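Thanks for coming. I have one structure to go through this morning, so let me put it on the screen.

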Amino acid sequence: MHPSDPVTRRTIIKAGVALIASTAAPAFAYPRQNYRSVEAIRSLHLHNIHTGESIKTVYWEKGSYNTEAIKDIAYILRDYRTNDMYDIEPRLLDVISHMHRLLGSHKPYEVISGYRSPRTNEMLYEHSKGVNPNSLHMYGKAIDVRLNDRGLSSLRHTAMAMRQGGVGYYPASGFVHIDVGPVKHW
Ligand SMILES: [Zn+2]
């Protein structure tokens, strides 16, 4: 993956089949609702506000994750300060993809922060309030986002109702933090 690779060329591929019969065990289970049962594909449209880069891609179809697509997403979510890349947790992608569907948004996620290298996190910890020294951003398990056609509090409440991890509300900074750590909110 390198900067000149036109990741933006990826487009949503409509699944040829609406239902895919699968006997495979789910990669993970949502505890409260089986969101997965209605899906033929899982896709994401992300726009990194710091780099101006976007990606629109199907990262799961026919019962499995597309590792190339997930790598492309990880590239967009890299630490823009240091250019460090890190594997993104697929379950985090599932959570925000479902959340987008539940919210009925037609806009890409605006990404304020994806992966943070330990160096960047330490710098942020020293200079700003509310930064966890052991942030899940350092493990590819957290993302800070907003949607331009939905209110921040809608994102917050939808994420909290899904109960898939941590949800942080930062209205002054204009984003919601979503992670796949323990279920909690602040
Ligand atoms: Zn965050």
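What you see is a predicted model. The chain has 186 residues, of which 31% are buried. It contains four helices and eight strands. In sequence order, the pattern reads β-β-β-α-α-β-α-β-α-β-β-β. As for contacts between residues at least 6 apart in sequence, 60% of them join residues at least 24 apart.

On confidence: the mean pLDDT is 85, with 80% of residues at 70 or more. The exception I want to flag is residues 1-33, where the pLDDT is below 50. That stretch does have 34 contacts in the model beyond near neighbours in sequence. Where pLDDT is low, though, predicted coordinates should not be read in detail.

β1 runs antiparallel to β2, and seven bridges join the two.

The largest nonpolar core has 31 residues, and the members that touch the most others are Ile-73, Ile-96, Ile-143, Val-145 and Ile-178. Elements giving two or more residues to this core include β1, β2, β4, β5 and β7 among the strands, and α1, α2 and α4 among the helices. The most comes from α2, with five residues.

Let me stay with Ile-73. Which residues does Ile-73 touch, not counting those up to four places away in sequence? They are Leu-44, Leu-46, Ile-55, Thr-57, Tyr-59, Ile-88 and Leu-93.

Ile-73 is one of the buried residues of α1, the others being Ala-69, Asp-72, Tyr-75 and Ile-76. Looking down the axis of α1, the buried residues fall within an arc of 155°, so they line one face of the helix. And what covers them? The cover over the buried residues of α1 includes β1, β2 and α2.

That is what I have; I can go back to any of the views.

Definitions and conventions:
Residues are numbered from 1 along each chain as its sequence is written. This is a predicted model: local features need pLDDT of at least 70, side-chain atom pairs count only at pLDDT 80 or more; totals for chains, interfaces and linings use all residues. A nonpolar core is a set of buried Ala, Val, Leu, Ile, Met, Phe, Trp, Tyr and Cys residues joined through C-beta atoms within 7 Å. A residue is buried if 20 or more other C-beta atoms lie within 10 Å of its own, exposed if 12 or fewer, and partly exposed in between; C-beta atoms are placed from the backbone. Two residues are in contact if their C-beta atoms, placed from the backbone, lie within 7 Å. The arc is that of the directions from the helix axis to the C-beta atoms. pLDDT is the predictor's confidence in each residue, from 0 to 100. Two strands pair if DSSP finds at least two bridges between them.
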